[in-house]
Amino acid sequence: MARIDRIAEPWGTRTPYGSGGDWPVRVDTHLAEGVAPEDVDRWVQTASLLHSNGDAMDIAVKDNRIVGVRGRAVDRVNHGRLGPKDLYGWQANASPDRLTKPLIREGGKLVETDWDTAMQRIVDKSKALLAEQGPSALGFYTTGQLFSEEYYTLGTLAHGGIGTNHVDGNTRLCTATAGEALKESFGCDGQPGSYTDVDHADVIALYGHNVAETQTVLWTRMLDRLAGPNPPKIICVDPRMTPVARAATVHLAPRPGTNVALMNGILHEIITNGWVDQEYIQAHTVGYSELEDEVKNYPPALVAEICGVPAEQITEAAGIIGHAERLLSTVLQGFYQSNQATAAAVQVNNVNIIRGMLGRPGCGILQMNGQPTAENTRECGADGDLAAFRNWSNDAHIQDLARVWNVDPMSIPHYSPPTHVMQMMRYAEDGSIRMLWVSGTNPAVSLPELARIRGILEQDRLFLVVQDIFLSETAQLADVVLPAATWGEKTGTFTNVDRTVHLSEKAVDPPGEARPDLEIFIDYAHRMGLQDKDGQPLIKWHDPESAFEAWKECTRGRPCDYTGITYDKLRGGSGIQWPCNEENPDGTERIYADGKFWAHPEYCETYGRDLITGAPVEPTEYKALNPEGKAIIKAAAYMPPHELPSQDFPLQLITGRTLYQFHTRTKTGRAPELQAAAPDVWVELSADDAGAYGIAEGDLAEVETPRGSVRAKVRISGIRNGVLFLPFHYGYWDTDGGHRPDGAGRAANELTITDWDAASKQPIFKTAAARITRVSGGDGPAPAPTTTASAPAGYFPEDARTKGIPTALADEATETDEATETAGGAR
């Protein structure tokens, strides 16, 4: 059989199957040049690290080196398939520029040292700040790529030992809205869907979810359904002409920042036409009448004006969704990183709820993750939430967590909402956070408004600890750098978006003196002398399996119950979906199948927030609204973005992920095939806009916003008029380890605003006002500009703030005082 080029054909060959059938097995393998399968000394079980799908695979080891990977045929997630980042990304582990020794800053330079010296410097600073200012002087910012055992240890030492409320993950940038939207609708995090719903659905609606590039194996599953008998209809909501859009039955390309209006228009049509399950609504929900009243204000003609989408397309999409017998809805960064993120994602939940499309094969919601262990960050309390979906506003939950940790309940910070990363940066800027420990992420490239962020991280008064595998842009600013082990060099578990738990075994030793993150966190806790209330060590576990057993006990009786899972149970077979306990010993494929939710006032993870202001709902208000713990239908009015186009900046900039790179390219940029496939930043614009600005394919153009500029090669695509797209992966470093001249290769997030969603606190990367200018020609002559105006003719209205907004809604379009694709992780 001819070998398939998986860069040119990222989804591989088709294996068609029909509705309700079993997805055929296809085992994908890639080995280093010159290595044959019979040369492999051993295969070691693991799963994917460079995206969120959770593809199970085995690592090929020869002479104690990783030499390739193969898919696991028995696994429920991928049935043996692997995507390009799975197949090639492992090569970065062996890069010669791995961090191998701790570094400390001396005389303004980072110099090598030993572990005792590095850790003692961190401990001395920690204790001095605790004595001087208290726990709020310390902050921890982590990734979405560690293991559950490591997150749980970090959350325990930070919340239960140090007592700080300043704990967050870079999942704040990619999936905070996923968790918040599930909490708002169901009272608790946890996905009410399964990847196997793809096998049964007759309609799949993807909202801001470019699954073809972010989760290639899941898209392969969808492509195989599309190639088989009784294919599902596809609804795609995305301003770009992605592979998903090209395969869609209906492609809706709304103006960035208008997702709530679009969803309200779809809901208007579903409700007006009676395509709702009134019996389900009456039995299992609260809040329907408020939704019914709100969406009356959004008929398709009016929504078309707001969103720039033809009214007939809105009607057609709503009709397909309204007549679906089995509806799967998925959501990702196009909604999460845009204006009114949580409100928009909640409206997607509302569609499935009012249609009664939950808990049955083909009927589900997947509020997607962007990173492989984003689910664990949220579960384990490493993103600011409390471990095992406990409610920080519920004193009984605090007391229960204190029982698990054997600490005083008052030592667990629950006096205010957890601190999100952008607020942590503000505290560091003001000088109240004096030590920041960054593990496995690269905020100097990934956060919004990077000039400001770098200024904060460079402050002399901020003691910066960075724990990573390479000397990232953030690590170069650190006072102490700790060399960490990565995937394939340590053991642990991680959980994907449909709650499937996988075990990743250690295959080879880490380079030099690099240590697993779990070992580093435990070492810090012991050196700090963190104790429980009986004077015993707070962290009582010592290795991955004992840490997993401790985490299991923490989950007992909570929604994400792991108590029925063991390492031995995970070895050799497929992943297992939580909850897995005595009642569900083999795991649970779909939750809420019985119409019962984790929303009871005494059990829920949160009482929710106002979708517009973000104000927390008071416990008494929640209990009055939802005493029986039903699903909560929350309506939301459309509000325009805080930054809209102007005469000087007439376009809208969106940033996001792409197929071959991951986050800030720390690993994928060191994998030859992936780096060669996408070596440099580019900017996408439409053919109409290119003509208007005299720009041709391949030209070098400058993209500017009020905060800065990036130069990038031009790609003319099917993106909607008035919108520019920049991939966010590209920063200041070259793949040979060097750094580019000042001003070259700037990151896309130099240009983004300091603004976040009111409810989820997720930064907004997709509505910045921008302009584009041709700098120099590419391979051919540039076309002559068709207009000398500052925007394409007919695009920009006199009043940008109320573009397409009905008068009744325009009165509500006011700025908020709190204004401040995709997350950046260094692993």
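**Asking what the labels rest on**

Mentor: Start with helix 21, whose buried residues pack against helix 3 (148-162), helix 15 (374-380), helix 16 (395-405), strand 18 (492-495), helix 20 (517-527) and helix 22 (567-570). Keep in mind that this is a predicted model.

Trainee: Which residues of helix 21 are the buried ones?

Mentor: They are Ala547, Phe548, Ala550, Trp551, Lys552, Cys554 and Thr555. Just past the end of helix 21, glycine 557 has a positive phi of about 80 degrees.

Trainee: How do you know what span to expect for helix 12 (residues 311-322)?

Mentor: Helix 12 has 12 residues, and at 1.5 Å a residue that should give 16 Å. The C-alpha atoms at its ends are 16 Å apart, so the two values agree. Helix 21 (residues 544-555) also has 12 residues, and its reach of 16 Å is close to the 16 Å expected.

Trainee: Back to packing: what makes helix 2 oblique to helix 20?

Mentor: Helix 2 (residues 115-132) packs on helix 20 at an angle of about 55 degrees, with the axes 10 Å apart. Roughly parallel needs an angle under 35 degrees and roughly perpendicular starts at 65, so helix 2 counts as oblique to helix 20. The crossing is right-handed.

Trainee: Which residues meet there?

Mentor: From helix 2, Trp115, Asp116, Met119, Gln120, Ile122, Val123, Ser126 and Lys127; from helix 20, Ile520, Asp523, Tyr524 and Arg527. By type, the contact divides into six nonpolar, two polar and four charged residues.

Trainee: Now the loops. Why is glutamine 340 called buried?

Mentor: Its relative accessible area is 8%. Buried means under 20%, so glutamine 340 qualifies. Glutamine 340 is in the loop between helix 13 (333-336) and helix 14 (341-354), and has a positive phi of about 55 degrees although it is not a glycine.

Trainee: And what makes arginine 665 buried?

Mentor: With the cut-off at under 20%, a relative accessible area of 0% puts arginine 665 among the buried residues. Arginine 665 sits in the loop between strand 22 (651-656) and helix 24 (672-677), and its phi is positive too, near 65 degrees.

How values were computed. Residues numbered from 1 in each chain as written. Predicted model: local features only at pLDDT ≥ 70, side-chain atom pairs only at ≥ 80, totals over all residues. Heavy atoms only, no water. Helix = DSSP H or I, 4+ residues; strand = E, 2+ residues; numbered from the N terminus. Expected span 1.5 Å × (residues − 1). Buried < 20%, exposed > 50% of the residue type's maximum accessible area, 1.4 Å probe, protein only. Contact = heavy atoms within 4.5 Å. Axes fitted to C-alpha atoms, helices over the stretch in contact; angles between N-to-C directions. Parallel < 35°, antiparallel > 145°, perpendicular 65-115°, else oblique. Left-handed = near helix turned anticlockwise from the far one by under 90°. Nonpolar A, V, L, I, M, F, W, Y, C, P; charged D, E, K, R; others polar.
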